[in-house]
Amino acid sequence: MNGSLRTANGRPRHGSVLLIVLVSVVLMALAAYTFTSMMLVEDEASRLVARQVQAKYLVDSGVDYVRLFLTNDYATRQAKGGLWDNSLYFQAVVVGVDPTDPELIGRFTIVAPNLDSDGNPEGFRYGLVDESSKLNLNILTFAENQVPGSGRQLLMALPEMTEDVADAILDWLDVDEDLRDYGCEGGYYQGLSPPYACKNGPLDSLDELLLVRGVTPQLLFGLDTNRNGILDQDEMFGNLSSTEPDMYLGWANYLTLYSKESNLNNEGLVRVNLNNPDLQQLYTDLRAHYNEEWTRFIIQYRLNGPYTPREDDPEPVPATQVLEINLDQEPQFTFSQVLDLVDAFTTADNPDDSEQPLILRSPISTLNMQATFPNLMAHATTFAGGSIPGRLNIMQAPKRLLLGIPGMTDEILEQIMTRREYELDDPYGFDIHRQHETWLLVEGIVDLTTMRTMMPLICVGGDVYSAEIVGYYDDGVGTSRAEVVVDTTIPIPGILFWRDKSHVQAGYSIDVLGIDLIR
């Protein structure tokens, strides 16, 4: 019997087997092609996942790199290019080479938004962000205790802020259930669907603001949908005309939860707390940095408080005329700030006249502040501990935030913005005063009363920095991205906050990140 098929009448059907074979071959080829394509896709997916995992390690290397860089003292950092815009140290840093492809190099780059004096985005830079250049929400209730009403005033400096939202934020932060004029407490949030509690405490992340009445994603993040602090081309498309420049990046551009500054002196030791309740220890600490006149005046101030001289009073005398001080006494007064010592008077027992106390004048005055302020500010404090939380850096903060500081005027602000740009090179003159916020007083920008109002809320530089780190390979496949906040107020810089942002489009091209830099 041959291999051909037959018709119903017995005639053979030539070529039918060949057709069936051809169809089978085609189907098998298609199956093989589909399987091969799927394997190629799986291989590519596996390679991409592996790259993303490797890129995360590149980011981790960047985090440790930042921490290591911040262990340097200020002079060494500046010698290496500083923290602001330093492409030599922060762009396209090589971590390793792919062993399967020697031409493929793994790197990380540290990118930050470049902002103008108004806080508007002007592209990017390679460096870190001083968190003290932003408004720290978690110190607002503390600020109100120092300067009543300052919490709302600082918040109202934000673009598009209203009194309703400002008071709602403050009510969310404070520990009580007392309603502010335009605020809301737990009752409002319990009436929502679904209900939730009012925090009545510090925020854990800026995103938590979205739980506060009146805060929207548009207000908080502006047009910055990928949260990189830079306005990308796709974010600008069709949106710029309806949004003011100061809201391109939203309130997140102006806010932080982490800022603080070191409370150590130049030797790395904690400054003398003028409010130490142990006068014996206070006397010893003061004498390590100050002469006898300063020390005795400070002790007498703690014992007897400030005094306002009258016209019929005898002439004030230096504190060195107080021959004996009982350091076992309980202090009766505390300093609200270091500037309480300036142009101050206090009293002491008069051994010659029990009814007429000695009137003591402070050795520190606005007449001798050029000579006395560097020593005063370097070693004295009214804060306990190794750091001071949340003051605003007047050397970097945008105009809008500075205008919210109590006592600030347009004239004062204009002088600050102009003078802070000066590159001084006079270590024995104004330069040494620029290490402290009191340079505003020394250079005649503000008077003593205004300086005292501002001082609890301002500084000249913080010690907590944020970094946006992108890990990548030169071919751009499988990048990773993270945001980290590093605290340098402790001996070994520590991480206060870390967030993986790899799931969000980075918004940086390979050309921006860098691939061909020579180190």
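User: What counts as a disulfide here, and how many does a search of the whole structure find?
Analyst: A disulfide is a pair of cysteine sulfur atoms within 2.5 Å. This is a predicted model, in which local features need pLDDT of at least 70 and side-chain atom pairs count only at pLDDT 80 or more, while totals for chains, interfaces and linings use all residues. Residues are numbered from 1 along each chain as its sequence is written, and side-chain values use heavy atoms, with hydrogens and water left out. Under that definition, the number of disulfides found in the whole structure is zero.

User: Is Cys-459 buried or exposed, and at what relative accessibility?
Analyst: By the cut-off of under 20%, Cys-459 falls in the buried class. Its relative accessibility is 1%.

User: Which residue is the charged one in the lining of the largest cavity?
Analyst: The lining of the largest cavity divides into five nonpolar, two polar and one charged residues, where Asp, Glu, Lys and Arg count as charged, Ala, Val, Leu, Ile, Met, Phe, Trp, Tyr, Cys and Pro as nonpolar, and the others, Gly among them, as polar. Among the lining residues are Leu-135, Asn-136, Gly-390 and Arg-391. The charged residue is therefore Arg-391.

Definitions and conventions. Buried < 20%, exposed > 50% of the residue type's maximum accessible area, 1.4 Å probe, protein only. 1 Å grid on protein atoms, 1.4 Å probe; cavity = no way out; pocket = protein on both sides within 12 Å on 5 of 7 lines; lining within 4 Å.
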